[in-house]
Amino acid sequence: MAKHSNIFLIGPMGAGKTTLGRQLARRLNMDFYDSDRIIEEKTGADIPLIFEKEGEAGFRKREAAVIDEFSQKPGIVLATGGGAVLNETNRRHLKSRGTVFYLSSDLESLLERTHKDKNRPLLHGKESPEVILTRLIEQRDPLYRETADHIIDTSNDSLRHVIQAIISHLDNCE
Ligand code: S3P
C-alpha cells in the first residue's frame, strides 16, 4: 500500500470521526490525533468547561489554532470537531494540506450515537438534540461538502467497510 499524506476527517457530532480515525490510522500505520482531545490537553479543561468559561467563540479560537498546527504535521490522521468547518481559514488549511473525508450520517444514527454524551455542550440547549442537530446539519452540510474531497456515509456500514471505502479512495487518488 502506498504511503498516504494527511487525512482529515470532518462531519457532524456522532458521525464516527474519532472511532474511525483511530482505526484508520492503525491500519495505515499513521499517527492519529483528535482536535477536541488536543484542545482539552492544551487547555487543561474539558470541552464543556471551555464553553462555559470562554463561550463558543473562545473554543473556536483554540480549535483554529490546533487545526493550523496539526494540519502542518506530515502523514497524520486528524479527526476534527463538528464545527471546525465554520471557520474559513480552517477549511482552507484542511483542503490544502491533506485529503478531506466528510463522514456523513442520517439523523437517526447521529442521535443514537450521541444520546448518552455529556461532553458536547451544543447538544444540551433548550431545544431537543434532534432539533439542534437538524439545524446544525442544515447549516453545515454545504460547508462539509465544499471542504471535502470525498463523502462517506457512515449510517449503516460496518466500521470495517467504511475504513475500506476510505482506503480505496486514497489508493485511487495516487
Ligand atoms: C462541536 C462538535 C464537537 C466539539 C464541540 C463542538 C460542534 O466535536 O468540537 O462540542 O460544533 O459540532 P465532535 O464532532 O467530535 O463531537
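A polar backbone atom of Gly83 lies 3.4 Å from an oxygen atom of the ligand, a polar contact being a pair of N or O atoms within 3.5 Å. The model is predicted, so that local features need pLDDT of at least 70 and side-chain atom pairs count only at pLDDT 80 or more, while totals for chains, interfaces and linings use all residues. Residues are numbered from 1 along each chain as its sequence is written, and side-chain values use heavy atoms, without hydrogens and water.

| Residue | Part of residue | Distance |
|---|---|---|
| Gly83 | backbone | 3.4 Å |
| Asp36 | side chain | 2.7 Å |
| Arg140 | side chain | 2.6 Å |

The protein buries 96% of the 380 Å² that the ligand exposes when taken alone (Shrake-Rupley method, 1.4 Å probe). The ligand is surrounded by 13 residues, the closest being Lys17, Asp36, Arg60, Arg120 and Arg140; a residue counts here if one of its heavy atoms lies within 4 Å. Five of the shell residues are nonpolar, three polar and five charged, with Gly classed as polar. Helix α3 (residues 47-70) gives the largest share of this shell, three residues; helices are DSSP runs (H or I) of at least four residues.

The ligand sits in the largest pocket, meaning that more than half of its atoms lie within 2 Å of the grid points. A pocket is an open set of points on a 1 Å grid over the protein atoms alone where a 1.4 Å probe fits, with protein on both sides within 12 Å along at least five of seven lines, and lining residues have an atom within 4 Å of a point. Its volume is about 460 Å³. Among the 28 lining residues, Met13, Asp36, Gly81, Gly82 and Arg120 are closest to the centre. Helix α3 supplies the largest share of the lining, five residues.

Terms used:
A polar contact is a pair of N or O atoms within 3.5 Å; within protein, one must be able to donate a hydrogen and the other to accept it, and residues adjacent in sequence count only if both atoms are side-chain atoms. Helices (H or I, at least four residues) and strands (E, at least two) are DSSP runs, numbered from the N terminus. Grid points are joined across faces, edges and corners, and a volume is the space filled by probe spheres set on the points.
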